[in-house]
Amino acid sequence: MLRSACYARNVAETITEAKQFGFQAGDIVQEWLWDEDVDSHVRESIESLTGEQLADEDYSSCADGAIIWWRDGDDEDELADTIVDANSTLNEGGAFWIFAAKPGRQGAPSPVTVANAAKTAGMNAASPVSIAQDWNGILLRAFGRGR
């Protein structure tokens with residue numbers, strides 16, 4: 001019984017953590033640039049909240065949210081292209097995040113790189129927030145959609 005209580009509490013905490021991303025139960029969230037180094041806890045928290053597995057890059061229907069795992073440093077053009085591709089299947093108003101390697105980690109982009117790539121793709125980039133030990137999250141919004 002103690003194990004069940006701990007499990008329920010951990011699931012509740014995981015879902016609460018995932019709510020910071022703006023996803024909701026039933027949302028289809030498309031994941032871009034998954035690799036072995038992504039934070040599994042972040043992924044699992046999103047899947048627990050939505051009740052859906054993350055859709056991969058080949059998903060061609062409309063998605064309710066998108067995440068990009070970016071660790072390719074300051075390649076602004078490549079990031080802008082990936083943002084455009086991910087935005088092409090995103091429902092209007094869907095939450096859109098770049099999960100970027102934190103400064104000091106291999107492949108970490110500068111904040112200017114992310115902001116410029118977002119601008120090139122027609123989006124605004126918010127200030128980074130820590131989402132995991134090695135990852136920051138940067139919320140993107142289309143121009144004119146507020147902060």
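**Exercise 1.** Which side chain meets D134 in a salt bridge?

*Solution.* The model examined here is predicted.

Step 1. Identify the partner. The side chain of D134 pairs with that of R105, at 2.9 Å from N to O.

**Exercise 2.** Determine how many salt bridges the structure holds, and characterise the one formed by R43.

*Solution.* Step 1. The structure holds 3 salt bridges.

Step 2. R43 and E31 are joined through their side chains, with an N to O distance of 2.7 Å. Because R43 lies in helix α2 (residues 40-50) and E31 in strand β1 (residues 29-32), the pair ties together parts that are 12 residues apart in sequence.

Step 3. A residue is buried when its relative accessible area is under 20%. E31 has a relative accessibility of 5%, so E31 counts as buried.

**Exercise 3.** Locate the partners in the salt bridge between R71 and D37, and state whether R71 is buried or exposed.

*Solution.* Step 1. The closest N and O atoms of R71 and D37 are 2.7 Å apart. This pair links distant parts of the chain, 34 residues apart: R71 is in the loop between β2 (63-70) and α3 (76-87), while D37 is in the loop between β1 and α2.

Step 1. R71 counts as buried, at 15% relative accessibility, whereas D37 counts as partly exposed, at 42%.

**Exercise 4.** Describe the span of α3 and the arrangement and contacts of the buried residues of α3.

*Solution.* Step 1. With 12 residues, α3 reaches 16 Å from its first C-alpha to its last, close to the 16 Å expected at 1.5 Å a residue.

Step 1. The buried residues of α3 are L79, A80, T82, I83 and A86. Because these residues cover an arc of only 160° around the axis, they lie on the same side of α3.

Step 2. The packing partners of the buried residues of α3 are the strands β1, β2, β3, β4 (123-125) and β6, together with helix α4.

Definitions and conventions: Residues numbered from 1 in each chain as written. Predicted model: local features only at pLDDT ≥ 70, side-chain atom pairs only at ≥ 80, totals over all residues. Heavy atoms only, no water. Salt bridge = Lys/Arg side-chain N within 4 Å of Asp/Glu carboxyl O. Helix = DSSP H or I, 4+ residues; strand = E, 2+ residues; numbered from the N terminus. Buried < 20%, exposed > 50% of the residue type's maximum accessible area, 1.4 Å probe, protein only. Expected span 1.5 Å × (residues − 1). Arc of directions from axis to C-beta. Contact = heavy atoms within 4.5 Å.
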